Amino acid sequence: MPVGYRIHGHGPIKVMAFHGWFGSSDDWLQLQSALDPDRFSFAFMDQRGYGLSRHQTGDHSVEEVARDGIELADHLEWSDFHAMGHSMGGKVVQQLLRTAPHRVRSCVALTPVPASGAALDAAALAHFEAAASNPEVRAAIISHSVGGRLPSYWVQQMVAASIRNSSEHAFGASFRSWALDDFSQQVQGVRVPMLVVV
């Protein structure tokens with residue numbers, strides 16, 4: 001059985017979308033009104049431990065999420081597709097270029113974690129790891145990520161959604177993978193078109 005997902009559209013252009021660390025497939029709902037359902041078919045996937053896949057366990061690695069994306073494409077009978085990912089999901093898109101470049105037509109990476117991992121020192125790693133069990137740390141990371149520009153109410157809504165839409169275990173385990181896994185050498189020279197939005 002594939003991981004949980006939401007489908008939008010029925011068009012010939014197939015797009016697989018991967019959410020970020022604090023997110024879920026819910027993140028894409030507000031975008032759907034701008035997406036032409038006659039031109040596109042979107043699959044908004046929830047990785048294991050998140051959203052519609054909250055009950056599914058695994059190692060919660062970037063590699064596992066990419067494998068689950070390929071399994072979902074097989075389930076949907078998509079021989080190839082475009083891939084889109086935000087933050088941690090942007091690293092998943094790069095992992096797809098490593099494991100299945102022949103299946104991916106193009107990529108859009110929205111503020112992605114690089115294939116080399118995050119450049120975090122020991123103190124920052126400990127701080128991020130604490131976010132799994134500490135809502136205040138989640139709030140601090142979210143606020144920092146948007147440059148402190150958005151109101152506390154918005155930050156707290158993000159924290160609440162993140163707690164509601166992910167298991168503590170999956171949240172913590174996925175952090176170690178997106179932050180530390182380095183497969184940058186394996187994607188050197190891949191010739192799949194990619195748009196990076198920073």
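Tutor: We take the helix first, then the sheet.

Student: What kind of model is this?

Tutor: It is a predicted model, where local features need pLDDT of at least 70, side-chain atom pairs count only at pLDDT 80 or more, and totals for chains, interfaces and linings use all residues. Residues are numbered from 1 along each chain as its sequence is written, and side-chain values use heavy atoms, with hydrogens and water left out.

Student: How far does H2 reach from its first C-alpha to its last?

Tutor: Helix H2, residues 88-99, reaches 17 Å, close to the 16 Å expected. Helices are DSSP runs of H or I with at least four residues, strands are E runs of at least two, and both are numbered from the N terminus. The expected span is 1.5 Å times one less than the number of residues.

Student: How many of its residues are buried?

Tutor: Ten of the twelve in H2, with buried meaning under 20% relative accessible area (1.4 Å probe, protein chains only). Among them are Met 88, Lys 91 and Gln 95.

Student: What do they pack against?

Tutor: The buried residues of H2 pack against several elements, including helix H1 (62-75), helix H6 (168-180) and strand S4 (81-86); contact means heavy atoms within 4.5 Å.

Student: Now the sheet. What is the strand order?

Tutor: The open sheet runs S1-S3-S2-S4-S5-S6, with mixed pairing. Two strands pair if DSSP finds at least two bridges between them. S1 (5-9) and S6 are the edge strands.

Student: How many bridges join S4 to S5?

Tutor: Five, and the two strands run parallel. Gly 85 has Ala 109 in S5 as its bridge partner.

Technical notes:
Buried means under 20% relative accessible area, exposed over 50%, partly exposed in between (1.4 Å probe, protein chains only).
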